[in-house]
Amino acid sequence: MRECAQLGNIDPTQIEDIETYREENGEYSFYLPSFLYESLAEGMRSTLVSYFTQFVVCQMSSFDILISDIKKIASKAGRTSKKRRE
């Protein structure tokens, strides 16, 4: 999956603290950030299916608008959920 390939460029030192903390606190190796971003970057089907149930295809020129719309929808859903709990 090309879209996740950029995750392979993550500098491991950027997540070293998170990785160490989670590892020291008993996190399974397949839940550690390094495993997740590497398996997503490589397109491992089992990881993709675990995290993505729907795929959206758009042109790069429309990507910013898509992300903005997703953020608006997520915010509205969060506000609606919060109102229902009150």
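Visitor: How many of the 86 residues of the chain count as buried, as a percentage?

Guide: Of the 86 residues, 15% count as buried; the term means under 20% relative accessible area, whereas exposed means over 50% and partly exposed lies in between, with a 1.4 Å probe and protein chains only. This is a predicted model, in which local features need pLDDT of at least 70 and side-chain atom pairs count only at pLDDT 80 or more, while totals for chains, interfaces and linings use all residues. Residues are numbered from 1 along each chain as its sequence is written, and side-chain values use heavy atoms, with hydrogens and water left out.

Visitor: What is the average pLDDT of the chain, and which elements have the lowest and highest means?

Guide: The chain averages a pLDDT of 82, and 90% of the residues score at least 70; pLDDT is the predictor's confidence in each residue, from 0 to 100.

Visitor: Why is helix α2 called mostly covered?

Guide: Helix α2 spans residues 33-42, and seven of its ten residues are buried. These are P33, S34, L36, Y37, S39, L40 and A41. Their cover includes α1 (16-24) and α3 (45-51). Just after α2, G43 takes a positive phi of about 75 degrees.

Visitor: Why is S34 called buried?

Guide: S34, found in helix α2, has a relative accessible area of 19%, and therefore counts as buried. Leaving aside neighbours within four places in sequence, S34 is in contact with I15 and E19, where contact means heavy atoms within 4.5 Å.

Visitor: Where is P12 found, and what separates its C-alpha atom from that of S34?

Guide: P12 is found in the segment before α1. The C-alpha atoms of P12 and S34 are separated by 7.2 Å, although these residues are 22 apart along the chain. P12 has a relative accessible area of 49%, so this residue is partly exposed.

Visitor: Why is the pair of F30 and Y31 called tilted?

Guide: A pair of aromatic rings is described by the distance of the centres and the angle of the planes. Rings of Phe, Tyr and Trp (its six-membered ring) pair if their centres lie within 6.5 Å; planes under 30 degrees apart count as stacked, over 60 as edge-to-face and the rest as tilted. The structure holds three aromatic pairs. One of them joins F30 and Y31 at 4.7 Å centre to centre, with 55 degrees between the planes, and is tilted. Y28, F30 and Y31 form one aromatic cluster.

Visitor: Which residues form the nonpolar patch on the surface?

Guide: The patch consists of Y28, F30, Y31, F35, M44, Y51, F52 and F55, with about 800 Å² of accessible area together. Patches are made of residues with over 30% relative accessible area and no salt bridge; like charges are joined within 9 Å, and nonpolar side chains (Val, Leu, Ile, Met, Phe, Trp, Tyr) within 5 Å. F30 is partly exposed at 41%, Y31 is partly exposed at 38%, and Y51, in helix α3, counts as partly exposed at 45%.

Visitor: How do you know that R22 and E27 meet in a salt bridge?

Guide: A salt bridge is a side-chain nitrogen of Lys or Arg within 4 Å of a carboxyl oxygen of Asp or Glu. The side chains of R22 and E27 meet at 3.1 Å, N to O, and form a salt bridge. The structure holds one salt bridge. R22 is partly exposed, with a relative accessible area of 29%, and E27 also counts as partly exposed, at 28%.

Definitions and conventions. Helices (H or I, at least four residues) and strands (E, at least two) are DSSP runs, numbered from the N terminus. Accessible areas come from the Shrake-Rupley method with a 1.4 Å probe; for residues, only the protein chains shown count as cover.
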